[in-house]
Amino acid sequence: MKRRPVAIALSIALTAVTAACGSGDDDTNQSTDSAGTIRITHRTGVASWDIAKSRSGPETPILGLVYDRLIGLEPNGDPAPGLAESWEFGEGGQVLTLKLRDSVTFTDGSAFDSSVVKANLERQKTIEGSTVSASLANITAIEAPDPSTVTIRQTNADASLVMLLADRFGMMMSPQTISGSGEVTEPVGTGPFILRSQTPQASYVLERNDDHWNRDLFKVGQVEITVLEDATARLNALRSGQADAGLVDANQIEEVKGLPGKTVTPYKGIAVRAIWVNQEMVPAFKDLRVRQALNYAIDRESIVSGLAFGYGEPAFQLVPPISSAHDPSVGEPFPFDPERAKALLAEAGYADGLSFQFGVQPPFAREAEAIQQQWAAVGVQVEITQIASFALGEALWAKKTIPAGLATWAGRLDPGFSYALNHLPGAPQNPGNFADPQTIALIEDARSEFDPAARVAKLQAVAKHLATNPQGTWPVFFPQEGLVYDEKVTGLENWSDGFPHLENVGVSG
């Protein structure tokens, strides 16, 4: 299949978006063994195969190997036809109509149609323990007027809905799977691969779905994924040849460059390393001057150069420079300035400093320690608590047992949705329930704008406001990892929503 340009994610208009899929004739995909196996090392496993209970971040691309999405993706994050061949907004943007692909079946033989889409989305919204229901709260009704048409109605016009359905929220599970009452341990989708065996959180073996509607796009016959949370263990697996492809930390990229038969390229995405704070647990965070002071006290440049070995860049916006919603005029509103930080803390009544607990995932402990030292220099004492994997997210955002922490925000394909999740009151990534009226107004205005140029301008206005008025989420830097792969692997690309994507990937020999 040759990909053709499609409208960028921020250019979703009220007119239909369509595209056609052709036969695979790309020269770069020849000379590969269609029965080959690719062995991948990955830093995290799948928390749940149930989309309604899934987590965002590194597991989303793995879910995407089994489950097709309603809206597909291009590597740069633009929308493309998926299970829906076309879509259009109507009624001022409050209604999205999808036209579904014909003759698609799940790997258990079940038919895919509009009733399945309706059942999946309604289940995500209502099932007990759903991790995605809040993100779908703007959806008021899902209708299936005929087998190939789905109509989604929203309370407020929101252009980001298309990219929401290009994320894990748009992944479709078999009707037999969602009709069950137990945990989903054996996923059934319409996707390009079928899960054949697994040791949860440790390893997964997947086999190509030869009945997939876009079969020619997928070259490898089998995928073996080994989960290695430790970065050194992942590097050793790649070095020894136990893995054909995987991601290494930024500080390992230079080392990998000297390995024979290996290629390494910086992997850039929409992720950002950020700090979240809860004003309901630490009242000092309610004062804008305190939030500004703590930002002035962070030496972002030294963290990037010293701990990320230059593979990354300081962040003062939630969306990275690769996004058109990134506003270059923002610059660096919080240059490293300890004296300014001390003055602001004194103005806010904290001349003697303050203290709080600070959570971090183990891979980012050194970054947290650097921030700890920088804050200590202005009188702010934090106790670092290392919390593994997804547990930190639960502690910060769900259970709210820790008042602040450093984590990676995997981002959302639509910047308006990212802002909403982090800055609207009651949103999942806004644990302190910050509710700045101007922030709310700017975000809502941007989300309801469908004109491409106007929407970009409004999203940049959000970035500019938050850059100097930090609320509960403070970007620190945009990280890069190293995508490492063996010389026998072809076609790996930098996908904005993460690794691994296996479209057009082959294994030679």
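Predicted model: local features only at pLDDT ≥ 70, side-chain atom pairs only at ≥ 80, totals over all residues.

Trainee: What makes the radius of gyration of the protein agree with a compact globule?

Mentor: The rule is 2.2 Å times the number of residues to the power 0.38. With 509 residues that gives a value near 23 Å, and the protein has 23 Å, so the two agree. The C-alpha atoms fill a box of roughly 65 × 60 × 45 Å along the principal axes.

Trainee: How many of the residues are called buried, and by what cut-off?

Mentor: Buried means under 20% relative accessible area. Buried residues make up 57% of the 509 in the protein.

Trainee: Why do we say that strands S9 and S10 pair?

Mentor: Pairing needs at least two bridges found by DSSP. Six bridges join S9 (residues 193-199) to S10, so they count as a pair, running antiparallel. They form a hairpin with three residues between them, and Gln 201 in the turn has a positive phi of about 65°.

Trainee: And how do you know that S10 pairs with S11?

Mentor: By that cut-off of at least two bridges, five bridges are enough, so S10 and S11 (residues 222-227) pair, in the antiparallel sense. Tyr 204 in S10 stands opposite Gln 198, and the bridge partner of Tyr 204 in S11 is Ile 225.

Trainee: Which residues of S10 make up the covered face?

Mentor: Tyr 204, Leu 206 and Arg 208 do, while Ser 203, Val 205 and Glu 207 lie on the uncovered face. In a regular strand the side chains alternate between the two faces of the sheet.

Notes:
Residues numbered from 1 in each chain as written. Heavy atoms only, no water. Buried < 20%, exposed > 50% of the residue type's maximum accessible area, 1.4 Å probe, protein only. Helix = DSSP H or I, 4+ residues; strand = E, 2+ residues; numbered from the N terminus.
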